[in-house]
Amino acid sequence: MTSERYNARESEPRWQRQWDEKAIFASKNDDPRPKYYVLEMFPYPSGRIHIGHVRNYTLGDVLARYMRAKGFNVLHPMGWDAFGLPAENAAIERKVAPKAWTYDNIAAMKKQLRSIGLSLDWSREFATCDPSYYRHQQKLFLDFLRAGLVEREKRKVNWDPVDMTVLANEQVIDGRGWRSGAVVEQREMNQWVFKITKYSQELLDALDTLDRWPDKVRLMQRNWIGRSEGLLIRFALDTATTPAGESELKIFTTRPDTLFGAKFMAISADHPLAQAAAAKDPKLAEFIAEVKRIGTAQEIIDTAEKQGFDTGIKAIHPFDPNWKLPVYVANFVLMEYGTGAIFGCPAHDQRDLDFVNKYGLGNTPVVCPEGQDPKSFVITDTAYDGDGRMINSRFLDGMTIEQAKEEVAKRLESELRGNAPVGERQVNFRLRDWGISRQRYWGCPIPIIHCPKCDVVPVPDSALPVTLPEDATFDKPGNALDHHPIWKHVTCPKCGGPAQRETDTMDTFVDSSWYFARFTDPWNETSPTTPAVADRMMPVDQYIGGVEHAILHLLYSRFFTRAMKATGHIAMDEPFAGMFTQGMVVHETYQKADGTYVTPAEVKVEVIGGERRATMIYGDEEITIGPIEKMSKSKKNTVDPDDIIAAYGADVARWFMLSDSPPDRDVIWSDERVQGAARFVQRLWRLVNESAEIAKAAPAARPASFGPEALALRKAAHGALDKVSSGIERLHFNVCLAHIREFANALAETLAKGDKPAPDVAWAVREAAVILVNLFAPMMPHLAEECWQVLGREGLISEASWPQIERDLLVEDSVTLVVQVNGKKRGDVTVPRAAENPEIEAAVLALDAVKAAMGGKPVRKVIVVPMRIVNVVG
Ligand code: ANZ
Ligand code: ZN
């Protein structure tokens with residue numbers, strides 16, 4: 001028996017070296033076993049691993065190690081999402097080249113990742129800023145271009161005047177740039193766009209097939225794609241009121257049923273009719289300029305006050321030639337959606353209601369909720385968008401909303417003006433094409449040349465990659481590629497004349513939209529993928545990452561996979577068969593009296609009189625314990641993975657991350673719980689060492705039969721094996737850990753009965769110890785290797801097979817019987833399956849419900865129907 005403590009600091013690097021030397025986590029593409037692809041979202045090389053990474057990668061690692069033990073050819077790669085702004089900011093602030101900064105960070109973070117003991121296949125590693133990666137991305141761009149999946153478009157873009165770059169809508173938060181915080185402006189620019197909208201319907205429909213994705217993520221995608229069915233209606237205009245005799249205004253509505261509640265029409269500031277009217281009305285021109293200054297990003301529109309300008313133009317109601325509606329230019333109508341024009345029905349749309357209440361246009365309810373009296377139903381400040389029956393709507397009165405929609409559609413479809421129908425059913429999507437042009441240096445160059453004679457010319461495939469110049473300078477704002485003295489000046493591949501390279505680079509979301517496919521064969525120098533290999537190793541069986549990527553990254557990747565299929569690089573549509581979004585690591589915050597935050601490392605927390613109190617470790621200053629929040633630099637409530645690993649070892653950090661909460665929930669970092677995990681490591685170590693002593697004396701051959709003590713231990717072992725296996729498969733890691741603890745207790749109890757057990761017990765102890773080590777190996781792989789050796793097992797546990805479950809041992813060993821008194825059910829009782837009648841009778845008569853029902857009368861007899869009912873007769 002050993003009295004030595006387990007020394008993680010000594011042991012962990014030793015096992016990491018062994019795994020490396022034997023390359024046991026490198027998966028081979030020609031491995032004949034079934035494959036299992038585990039992937040965690042690859043990190044941005046910011047410089048340091050944070051605790052959220054540790055959680056993310058530990059979750060994936062448990063699954064990867066388990067599936068490897070189950071006999072799968074596990075693909076578990078890692079790489080770096082390495083392009084992006086911070087590298088350029090570092091170049092500006094610290095005068096280091098983006099490339100040097102990035103690769104230094106990668107080296108530092110790789111070292112940190114290794115110290116966590118992850119079972120990664122480093123042979124497949126790449127960074128998206130490696131020319132050997134992005135050259136293939138350029139090839140994909142060109143292939144997509146040839147396939148009509150890339151186009152050049154004049155687009156109104158969000159312009160960040162501080163970062164000097166175009167921002168995606170999602171990068172505009174409350175009208176400001178997400179990094180710079182500057183008020184975002186609108187500009188028209190030529191942009192490269194990926195035609196994701198070609199797949200709108202498909203991307204939506206296929207969500208139904210992703211049954212191993214969280215429902216909330218699918219819902220977010222569904223809403224983002226935003227399919228709506230509605231009606232396109234051509235309103236006639238009173239030409240006497242229009243600037244140049246315009247005679248019609250097309251609108252898109254999802255609520256044609258509310259047509260009789262219309263009070264106004266509204267058009268976008270960018271609508272041609274608004275432009276035409278503004279040419280004749282300086283006040284309107286001013287209003288339009290103001291609307292454009294504020295911008296029309298969704299986020300702004302949702303929060304800004306609804307404003308409009310009456311153009312004086314009148315539209316004519318489609319069902320009543322005498323009914324004229326005023327046409328406003330309004331700040332809440334987007335040019336990019338539908339037709340850029342609407343009719344407003346204030347009673348049933350909140351934006352419209354806010355609008356009419358401001359301009360005194362009134363409202364008429366046309367849908368009356370069930371059970372309301374139509375005569376007294378009025379709308380004041382809150383629009384009604386629920387169900388009901390049509391009112392105030394002439395021929396629609398009494399219909400349901402659905403019936404009214406159908407009736408209006410039918411009538412307007414069959415009514416012709418000119419020779420076109422007035423109404424036309426239409427499906428609209430909120431999803432926009434994906435603008436990928438970024439006016440930035442540190443990104444994948446777009447392989448295009450602009451020639452004054454030939455216009456846009458693709459870089460020939462043979463001239464790829466278009467690499468970034470390494471001598472760019474960052475002393476002035478804007479795009480360093482554009483400023484570079486020679487880089488952009490080239491000869492046109494078509495006419496040989498002087499031409500210029502495209503200086504925009506690709507949105508970094510492009511880089512992460514196909515890296516998972518590249519991992520299947522990162523060695524292919526000539527093509528992005530090796531289709532036969534990609535088709536065998538894809539899809540990713542389990543993808544794990546933060547919910548912050550639930551919309552864009554996943555949607556773009558789903559689009560990319562389809563586009564790669566269309567261009568022959570892969571044969572499937574969906575890249576991620578299983579998706580899991582993990583929760584965050586959160587921590588209390590600590591503040592001094594003056595409000596400044598201090599780090600957990602500087603604070604000592606004690607429980608005094610049942611209350612937690614905090615003071616500074618040095619100086620005893622009183623500290624206020626603040627709310628539990630996501631770890632962030634600004635709140636200083638972070639813990640550094642390096643510190644934790646140095647103090648406790650990686651296994652403890654891993655175990656803690658897995659133990660406290662379900663992986664999809666937030667986990668509260670707690671030093672006390674981390675120390676608890678550290679104690680558990682020592683406990684397991686002692687248990688295994690003690691078991692090993694007993695195992696030495698155990699018979700080699702399996703005993704012919706087992707006594708009750710051995711049997712009980714064997715049942716605990718196989719029960720735990722069963723529960724932990726299915727728990728890992730469902731990613732219920734915290735539950736698995738609870739089962740492991742329980743099983744460890746059972747083993748400890750057996751050991752406590754003495755160190756000279758009977759041969760059958762000794763055999764069961766050896767079996768139990770082996771199973772125990774197998775069960776915690778995915779979570780604490782270093783400790784498991786060390787224990788494996790103590791148990792005298794061959795090879796590495798990282799290469800061992802998962803133990804076989806003996807199902808016979810899982811049979812439920814208790815039974816529940818219904819208890820009746822004089823034929824009437826009074827409760828039930830659970831007894832050992834093997835219990836004899838006297839034991840059952842005693843248990844039944846002890847029940848409170850039985851005593852109460854008997855009311856003190858003597859028991860005449862007890863009838864036991866085996867396995868079913870016990871009847872007490874009084
Ligand atoms: C009349 C109406 C009455 C509407 C009512 C709604 C409620 P979704 O579901 O997102 O497709 N709309 C149409 N185009 C618009 C644009 N370019 N900018 C702003 N709003 C626009 O929304 C469709 C509804 O949004 C349309 O139906 C239209 O208002 C408005 F009680 O038409 B509705
Ligand atoms: Zn040319």
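Predicted model: local features only at pLDDT ≥ 70, side-chain atom pairs only at ≥ 80, totals over all residues.

Guide: Residues are numbered from 1 along each chain as its sequence is written, chains are lettered from A and ligands numbered from 1 in the order in which they are written, and side-chain values use heavy atoms, with hydrogens and water left out.

Visitor: How many helices and strands does the protein chain have?
Guide: Helices (H or I, at least four residues) and strands (E, at least two) are DSSP runs, numbered from the N terminus. Here you get 26 helices and 37 strands. The C-alpha atoms fill a box of roughly 105 × 85 × 65 Å along the principal axes.

Visitor: What share of the residues is buried?
Guide: Buried means under 20% relative accessible area, exposed over 50%, and partly exposed in between, with a 1.4 Å probe and protein chains only. In this chain of 874 residues, 54% are buried.

Visitor: Which atoms coordinate the zinc ion (ligand 2)?
Guide: Donors are N, O and S atoms within 2.8 Å of the metal (3.2 Å for Na, K and Ca); water is not among the atoms, so sites may look incomplete. For this zinc ion, they are the SG atoms of Cys 451, Cys 454, Cys 492 and Cys 495, at 2.1 to 2.4 Å. Along the chain the donors are spaced C-x2-C-x37-C-x2-C. Cys 451 is in strand 21 (residues 448-451) and Cys 492 is in the loop between strand 23 (489-491) and strand 24 (498-501), so this pair ties together parts 41 residues apart in sequence. Cys 451 and Cys 492 are both buried.

Visitor: And what is the geometry of that zinc site?
Guide: Four donors count as tetrahedral if all angles lie between 85 and 135 degrees. The angles among the 4 donor atoms of the zinc ion (ligand 2) are 104 to 116°, making the site tetrahedral.

Visitor: How do I read aromatic pairs?
Guide: A pair of aromatic rings is described by the distance of the centres and the angle of the planes. Rings of Phe, Tyr and Trp (its six-membered ring) pair if their centres lie within 6.5 Å; planes under 30 degrees apart are stacked, over 60 edge-to-face, the rest tilted. That rule gives 46 aromatic pairs. One of them, Trp 19 with Phe 25, is edge-to-face, at 5.7 Å centre to centre and 65° between the planes. Trp 19 is buried at 3% relative accessible area, and Phe 25 is buried at 7%. Trp 434 and Tyr 556 are stacked instead, at 3.6 Å and 0°. That pair links distant parts of the chain, 122 residues apart: Trp 434 in strand 19 (residues 434-435) and Tyr 556 in helix 17 (residues 552-566).

Visitor: Where does the charged end of Arg 65 sit?
Guide: A charge sits over a ring if NZ of Lys or CZ of Arg is within 6 Å of the ring centre and within 35 degrees of the ring normal. For Arg 65, the ring is that of Trp 19, with 4.5 Å to its centre. Likewise, Arg 501 lies over the face of Trp 487, 5.4 Å from the ring centre.

Visitor: Last one: is Thr 750 buried or exposed?
Guide: Thr 750, in helix 22 (residues 733-752), is buried, with a relative accessible area of 10%. Contact means heavy atoms within 4.5 Å; neighbours within four places in sequence aside, Thr 750 is in contact with Glu 709, Leu 713, Val 761 and Val 765.

Technical notes
Tetrahedral: all angles 85-135°; square planar, octahedral: opposite > 155°, others 65-115°.
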